[in-house]
Amino acid sequence: PYSHLLAPLDLGFTTLRNRVLMGSMHTGLEDKAKDYDKLAAFFAERARGGVGLIVTGGMAPNIEGWLKPFSGTMSMPWHVARHRKVTQAVHDEGGKICMQILHAGRYAYQPLSVAPSKIKSPISPFTPRALSTRGVERSIDAFVRSAKLARDAGYDGVEVMGSEGYLINQFLTGRTNRRTDRWGGSTENRMRFPIEIVRRMREAVGKDFIIIYRLSMLDLVDNGQPWDDIVTLARAIEAAGATIINTGIGWHEARVPTIVTSVPRGAFTWVTRRLKGEVGIPLVTTNRINMPDVAERILAAGDADMVSMARPLLADPEWVNKASANRSQTINTCIACNQACLDHVFASRRASCLVNPRACHETELVIRPATERKRYAVIGAGPAGLACATTLAERGHAVTLIDRAAQIGGQFNMAKRIPGKEEFHETLRYFGERLKDTGVTVKLGTHAVPDELKDFDGVVLASGVLPRGLDVPGHDHPKVLSYLDVLLHDRAVGKRVAIIGAGGIGFDTAEFLTEHAPSPTTDIARWTKEWGVDMTMATPGGLMPAQPEAPAREVWLLQRSEGRPGARLNKTSGWVHRATLKNKKVRMLGGVTYERIDDDGLHVTVDGQAQVLDVDNVIVCAGQEPNRELQSALEALGIPVHLIGGADVAAELDAKRAIDTATRLAARL
Ligand code: MDE
Ligand code: FAD
Ligand code: SF4
């Protein structure tokens, strides 16, 4: 079906079975030898799923290069043994795997950090030490030694991490390299570091070993590399002996989003495309490619020779096999939320996946056939109910899923309407297919009645949440709407709006009300303009002044607690939401006391000052309470009741916990 995606790729000394590269991801299992059995199981499942070439999370070539204290390192002969478990497991499944070598440079969260020059990054707490000239030579040696050890460990190759603003990238631009020795000053000098790494590495590892070089093609920071230098570097890297060039987009400190869900699918493949024809070796493109039709279109258009996908393979290890079997509609699609993967890594927690809680827990969360077939009713077809019902049915139980709504999905039916959250449609499509495949009996438009549930062996209550009301004089004024009125019932909203509550739903509602449909996420050219990405690459780094579209409404986003609204949003995506609303001129206020609502608007006190916000509507996004209305009636009938998702804990906007607890419950019932 996907003739470009599934075509083998001949590298001369070896052939990859298709064009899917599983991009490097730190999972948190790389750092300790005791976790390597889990890491091996994680990769083996992806190799079995058909991936053409896997790349591991980054391994430091020495301790200076650690991302954080005691990160995964490949620098000593005794590091090799643990890696053999990984390479063996992948080879046993017919896969191929490269080890990524990553030197964090000034992005290290540890005090030994080094960089070309002593300049702190805006997103790190530590100021790096400038490498001496001998230190540069030693760093190159460390990369080379690491590659040789990877070869000893049975890897098919290595990936040299030359992008995302890490050490190698730091050598390449005057932004971070102010050296005056042979490793800085001129463009030629700044490029010497990566070129020498690849040249000496090729000499050391021989001809039949893959060297992928991850090349930063669009820095998205001021004073990044100009396009001509990028072409020169790519040619030199090819000449130095690289087998494949992979694409890097944006330094971590860039203020343009590059991987979050509001980034359009395939938003950056035009960058890789520019390099096509400039080098002879295969090019890999990347970022926000998550479904086979997207990947096929990109390859068929000639933008690249391979696609890299990282998170989509956390979400579904069977991605390639499903595409090959023409069953793409059954793929569990990565929605690019970062909630269980990158957010966890930043919090030093093991990565997983919101839509697939088994990711990185393959040996622990095992879905086994049930020993005894039982009858279960699941009330509520939101994310929790869907995950629970399908897992129970997969195990062999007889499952009936009941929802009073006319469609499955619960609150995801609101989330999917938010501009930039279009991917949430995919999760509902996936679960729709899973319900069919696992044979769940689905009853929609049906209020669950406890008396009718007496014949079941157990009931899972996944009835979600009830929005919390507002306890302020005038809360019943016609101006006042809840987020359900706006996002579910399409109630008309005026041009001037105050939103009460600046949590995730408040932010989403503000984006919904200020953005013009269709959302810029569906249009790469509009999106790049909004964020100031220069598609002509006329400026070094590829930035131009952002040109946000005028907001569709004038919005105030208010919170009762002190401090900056949005400070508690997720680590790796919160800044994007804050920037989006800033672009839309949304006025965000913390420490607000709500006095009353009347015909004049919303009366508030901020910093001791009384104010009236002259708004047409006040939209309440003030949190939720668990909806457990059926619990006591069911228990009175003696039916075992299990609570999951929002019905259990409503404190946070969190489908991750909903799906995770639902799956774990279903695995043990
Ligand atoms: P924040 O609150 O947005 O920023 C803190 C303050 O710094 C300012 N700031 C800047 N000022 C000037 N110029 C800049 N370029 C710049 N950048 C930030 C901010 O304005 C803010 O100041 P304030 O407003 O308070 O006055 O964010 P934060 O510090 O809480 O966190 C930001 C993040 C590090 C999370 C972040 O920026 C990140 O989300 N960027 C995007 C990263 C990304 O998506 N990269 C692409 C792919 S991900 C990938 O390839 C692999 C990642 C693996 C981890 S490894 C961890 C292992 O243990 C990456 C580790 C990165 C190390 C930095
Ligand atoms: P729900 O999704 O609330 O589903 C409960 C279901 O139960 C409903 O379909 C309801 O009709 C049904 N039901 C209730 N009572 C009965 C009854 N008596 N009989 C029959 N059926 C009944 N989470 C994230 O993790 N990331 C996000 O980015 C995100 N964005 C969001 C954006 C918006 C705008 C909203 C509103 C929510 C967002 N969420 C997000 C939250 C996420 O949707 C919820 O955490 C998740 O839906 C909770 O799942 P659930 O299955 O527990 O409940
Ligand atoms: Fe994708 Fe979200 Fe899963 Fe990460 S947690 S892999 S972003 S769906």
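User: How many nonpolar, polar and charged residues does the shell around ligand 1 have, by class?

Analyst: This is a predicted model. The shell around ligand 1 has 9 nonpolar, 4 polar and 5 charged residues. The closest of the 18 residues that surround ligand 1 are Y107, P122, E253, T572 and W575. Helix α11, residues 342-346, gives the most to this shell, with 3 residues.

User: Which residues are closest to ligand 3?

Analyst: They are R311, C334, C337, C341 and C353, out of 14 residues that surround ligand 3. By class, that shell has 11 nonpolar, 2 polar and 1 charged residues. Cys counts as nonpolar, so C334, C337, C341 and C353 are in the nonpolar class.

User: What surrounds ligand 2?

Analyst: 39 residues do, and the closest are G380, G382, G410, G464 and G645. The elements that give two or more residues to this shell are α12, α13 (412-415), α16 (504-514) and α20. The shell around ligand 2 has 21 nonpolar, 13 polar and 5 charged residues.

User: Which span does UniProt give for the "domain: FAD/NAD(P)-binding" feature?

Analyst: The UniProt entry, which is unreviewed, places this feature at residues 375-648. In the model the span is 26% helix and 23% strand, and its end C-alpha atoms lie 22 Å apart.

User: Why is α12 called roughly parallel to α14?

Analyst: The axes of α12 (residues 383-394) and α14 (residues 424-438) cross at roughly 25° and come within 9 Å. Angles under 35 degrees count as roughly parallel, and therefore α12 is roughly parallel to α14. The crossing is left-handed. In α12, L386, T390, A393 and E394 meet F431, R434, L435 and T438 of α14. That contact has 4 nonpolar, 2 polar and 2 charged residues.

User: Which residues does the "domain: NADH:flavin oxidoreductase/NADH oxidase N-terminal" annotation cover?

Analyst: According to the unreviewed UniProt entry, the annotation covers residues 5-328. Over these residues the chain is 35% helix and 16% strand, with end C-alpha atoms 13 Å apart.

User: What makes α1 roughly parallel to α2?

Analyst: The axes of α1 (residues 36-48) and α2 (residues 80-92) come within 8 Å and cross at roughly 20°. That value is under 35 degrees, so α1 is roughly parallel to α2. Their crossing is right-handed. Among the contact residues are Y36, D37 and L39 of α1, and R82, K85 and V86 of α2. By class, this contact of α1 with α2 has 10 nonpolar, no polar and 4 charged residues.

Notes
Residues are numbered from 1 along each chain as its sequence is written. Chains are lettered from A and ligands numbered from 1 in the order in which they are written. This is a predicted model: local features need pLDDT of at least 70, side-chain atom pairs count only at pLDDT 80 or more; totals for chains, interfaces and linings use all residues. UniProt positions are given in the numbering used here, feature names are shortened, and annotations may be inferred rather than shown by experiment. Helices (H or I, at least four residues) and strands (E, at least two) are DSSP runs, numbered from the N terminus. Axes are lines fitted to C-alpha atoms, for helices over the stretch in contact, and angles run from 0 to 180 degrees between N-to-C directions. Angles under 35 degrees count as roughly parallel, over 145 as roughly antiparallel, 65 to 115 as roughly perpendicular and the rest as oblique. A crossing is left-handed if the near helix is turned anticlockwise from the far one by less than a right angle, and right-handed if clockwise. Two residues are in contact if their C-beta atoms, placed from the backbone, lie within 7 Å. A residue is near a molecule or strand if its C-beta atom, placed from the backbone, lies within 6 Å of it.
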